[in-house]
Amino acid sequence: MNNMFMLIMFIGTFFSAISQVLLKQSARKTYSSGLREYLNWRVITAYFIFGAVLLANTYAYTRVDMKYGAVIDTFTYVFVMLLSIFVLGEKASRGRILGNLIIIAGVIVYTLP
């Protein structure tokens, strides 16, 4: 049963990365007013996703040990890097790639028995 809740948290990290990409896309645009900067579909959708992930994680933490939740949350950095490359067309620096490889290696080491 805990594996299902860990999967919910993992999927949540992916959706958190999507919401961050939406906010970045919105920040790149120019708006006619300050109000439109915050009241557009990208920003509203991103914050809705953040709220949904927060609720899902709060529920999932009732069944998942805190130590695993923190490890799962680090995958947001990996997803953000991948989405920024493939969706936003950004280039990945060596440092960014190295940092993400260190995150993945840390997760593997931490979860080994």
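# Aromatic cluster and salt-bridge network

Phe 10 is partly exposed, with a relative accessible area of 31% (buried means under 20%, exposed over 50%, partly exposed in between; 1.4 Å probe, protein chains only). This is a predicted model, in which local features need pLDDT of at least 70 and side-chain atom pairs count only at pLDDT 80 or more, while totals for chains, interfaces and linings use all residues. Residues are numbered from 1 along each chain as its sequence is written, and side-chain values use heavy atoms, with hydrogens and water left out.

**Confidence**

- The protein has a mean pLDDT of 93 (the predictor's confidence in each residue, from 0 to 100), and 99% of its residues reach 70 or more.

**Aromatic pairs**

- Seven aromatic pairs are present in the structure (rings of Phe, Tyr and Trp, the last by its six-membered ring, with centres within 6.5 Å; planes under 30 degrees apart are stacked, over 60 edge-to-face, the rest tilted).
- One of them joins Phe 10 and Phe 75 edge-to-face, at 5.3 Å centre to centre and 75 degrees between the planes.
- Phe 10 belongs to helix 1 (residues 2-28) and Phe 75 to helix 5 (residues 75-86), so this pair ties together parts that are 65 residues apart in sequence.
- Phe 75 is buried, at 19% relative accessible area.
- Phe 10 also forms an edge-to-face pair with Phe 79, with 5.4 Å between centres and 65 degrees between planes.
- Since Phe 10 lies in helix 1 and Phe 79 in helix 5, the second pair ties together parts 69 residues apart in sequence.
- Phe 79 is buried, with a relative accessible area of 15%.
- Through ring pairs, Phe 10, Phe 14, Phe 15, Phe 75 and Phe 79 are linked into a cluster.

**Nonpolar surface**

- Leu 7, Phe 10, Ile 11, Phe 14 and Phe 15 make a nonpolar surface patch of about 420 Å² (residues with over 30% relative accessible area and no salt bridge; nonpolar side chains are joined within 5 Å, like charges within 9 Å; areas by the Shrake-Rupley method, 1.4 Å probe).
- Phe 15 is placed in helix 1 and is partly exposed, at 38% relative accessible area.

**Salt bridges**

- The whole structure contains three salt bridges (a side-chain nitrogen of Lys or Arg within 4 Å of a carboxyl oxygen of Asp or Glu).
- Lys 24 and Glu 90 form a salt bridge at 2.7 Å, N to O.
- Lys 24 lies in helix 1 and Glu 90 in the loop between helix 5 and helix 6 (94-111), so the pair ties together parts that are 66 residues apart in sequence.
- Lys 24 is partly exposed at 37% relative accessibility, whereas Glu 90 is buried at 19%.
- Arg 28 meets Glu 90 in a salt bridge of 3.1 Å, N to O; this pair links distant parts of the chain, 62 residues apart.
- Arg 28 is partly exposed, at 48% relative accessibility.
- Arg 96 forms a salt bridge with Glu 90 as well, with the closest N and O atoms 3.5 Å apart, and Arg 96 is partly exposed at 26%.

**UniProt annotation**

- An unreviewed UniProt entry lists residues 6-23, 44-62, 68-88 and 95-112 under "transmembrane region"; such annotations may be inferred rather than shown by experiment.
- Residues 44-62 are 89% helix and 0% strand, with end C-alpha atoms 28 Å apart.
- Residues 95-112 are 94% helix and 0% strand, with end C-alpha atoms 26 Å apart.

Definitions and conventions
Helices (H or I, at least four residues) and strands (E, at least two) are DSSP runs, numbered from the N terminus.
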